[in-house]
Amino acid sequence: GENMFAHAWQGLSSVQKYTVSIVSVVFAYFAIQISLANIFPPLPIGVIGSGQATAKANEVSFIVTTISRSTDPVRAINEGEVGMKVLIDTATSVVGPDAEIKRSFYQVVPVASGTTSSYQVANAFSIKTTQVEKINELVRSLYRDGAISITNLSFSPENREIVEAQARTEAVKNAYKQAQAIAKSIGKRVGKVISITDDNAPAGSTVGKNQQDSSSQSPFGEIEINKNVSVMYQLW
């Protein structure tokens, strides 16, 4: 058998010998990898990477809530409607008529207080505007004219998809660094990615009445977009 192999080998050209050698090396490499994978299977590990990107804020949105109360439910409802109209007019006077304002919540609840009972009416509307530089003036004006709370304050940047993609890229890099640190601590190395899951959470922030700024200019010229990704790696 060895003589036949030697004879066949001698009959090959130098190019054919080179090709056979390369194929043999590649075959041996994968055979070793498969054997090692069977003997020492890869260890799966999951890490959460975080990334940030900054951008100019060009839009802000939030929810305004007002509450009215009366022993007469009809009166409470009417007062709530008047109060909400006042707040909508206030918002329009500050940021202009192009603001997007939508009613978002309406609730009538009977409230017992001692021997008497009354009705509480909660009204809320959402507002979205590009007048970001007027946000502090707007918040102060709304609280002054009867708003009970301003919540879900969220800033959106220009080219949001591009900014989120930048933050996501940084998050993946951060996840890889974490995986490398873990792998090194246990004498392993990072292998291929098994899966990547984006949190798909929008960036945003909230503001309360005691957080109003005395300045008429918004401090939110730039905002930070944060992204988290969960990445599963193989460790060898």
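**Close-up views of a predicted model**

**View A. A nonpolar surface patch made by L43, I182 and I186.** L43 lies in strand 1 and, because its relative accessibility is 39%, counts as partly exposed (buried is under 20%, exposed over 50%, partly exposed in between). The model is predicted, so local features need pLDDT of at least 70 and side-chain atom pairs pLDDT 80 or more, while totals for chains, interfaces and linings use all residues. Residues are numbered from 1 along each chain as its sequence is written, and side-chain values use heavy atoms, with hydrogens and water left out.

**View B. The largest nonpolar core, with 28 residues.** Such a core is a set of buried Ala, Val, Leu, Ile, Met, Phe, Trp, Tyr and Cys residues joined through side-chain atoms within 4.5 Å. F62, V64, I127, L138 and L142 have the most contacts inside this core (contact means heavy atoms within 4.5 Å). Strand 1 gives the most to this core, with 6 residues.

**View C. The buried residues of helix 3.** Helices (H or I, at least four residues) and strands (E, at least two) are DSSP runs, numbered from the N terminus. Among the buried residues of helix 3 are A76, G80, M84 and L87, and their cover includes strand 1, strand 2, strand 3 and helix 4.

Technical notes: Buried < 20%, exposed > 50% of the residue type's maximum accessible area, 1.4 Å probe, protein only. Patch = residues over 30% accessible without salt bridge, like charges linked within 9 Å, V, L, I, M, F, W, Y side chains within 5 Å. Areas by Shrake-Rupley, 256 points an atom, 1.4 Å probe, with all protein chains shown as cover. Salt bridge = Lys/Arg side-chain N within 4 Å of Asp/Glu carboxyl O.
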